[in-house]
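Dear colleague,

Here is the structure I promised to pass on. My notes on it follow below, and I would be glad if you read them with the model open.

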Amino acid sequence: MRLFRAQGDDVLLADIDAAAADAACAEPGRGAAQAFACDLADPDAPARAVEAAAARFGGIDTVFANAGILVSRPLGEWTVADWQRSLAVNLTAPFLLAQAAAPHLRRSAGASVIFTASTGALRGHAGMPAYHATKTGLVGLCRSLADELAPDGVRVNCLLPGWVDTPFNAPFWSFQADRAQAERDVVGRIPMRRQGTPEEVAATVLFLASKAAAYITGTTLVVDGGYCAI
């Protein structure tokens, strides 16, 4: 959001954490920002967020579906509710966001939809079946929508971050017998020998939404320091 606002774009931030969204939108920036509190697991929430953005800013050029949930536990401890919430947030919400935004995007001269999948779409980890299944599903969703929306000038791409040092990964680390050793093992498998930063991923999102990516659609862009290359 900060990078988009820095270049003058207006942003609506839909987030389940109302206080955090308000604080982020209160930061200075060239573009305007509005927080919209919602739980994207609610099937009505994506359309409400889209309509709020269109009403506030008069149109929509980019949809960045970045909300996600990561649950890690042994297979036998998974519940239907765990599985369904992961599906709702990680896969159904991006679909509903794209569906609701499509009429607005068709009126934009540079429309773009960006889904945050994960390198988890390319490899697996024990204890995370819903995460890997939904992130793999996003790749297929991206390809399908790219084919359907390209004639209308709407590009659809999928971002696949690798290990990025944020609190989002806490459920994975807590699932490991020895967190410190697990982190060392992960970093040791990354050719650049470090986890990525949110800023590095954000810069890639900005590129995919820009005119520089005008001929890129239906693709998966991996940002992982080489993790999946070896």
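Helices (H or I, at least four residues) and strands (E, at least two) are DSSP runs, numbered from the N terminus. Please bear in mind that this is a predicted model, in which local features need pLDDT of at least 70 and side-chain atom pairs count only at pLDDT 80 or more, while totals for chains, interfaces and linings use all residues. Residues are numbered from 1 along each chain as its sequence is written, and side-chain values use heavy atoms, with hydrogens and water left out.

Ser 108 lies in the loop between helix H4 (80-105) and strand E4 (111-116). With a relative accessible area of 12%, Ser 108 is buried (under 20% relative accessible area, where exposed is over 50% and partly exposed is in between, with a 1.4 Å probe and protein chains only). Leaving aside residues up to four places away in sequence, Ser 108 touches Ile 60 and Asp 61, contact meaning heavy atoms within 4.5 Å. Leu 105 also touches Ile 60 and Asp 61, among others, under that sequence exclusion.

As for aromatic pairs (ring centres of Phe, Tyr or Trp, the last by its six-membered ring, within 6.5 Å; planes under 30 degrees apart are stacked, over 60 edge-to-face, the rest tilted), a search of the whole structure finds four. One of them, Trp 163 with Phe 172, is tilted, at 5.0 Å centre to centre and 55 degrees between the planes. The rings of Phe 172 and Trp 173 have centres 5.2 Å apart and planes at 75 degrees, so this pair is edge-to-face.

Best wishes
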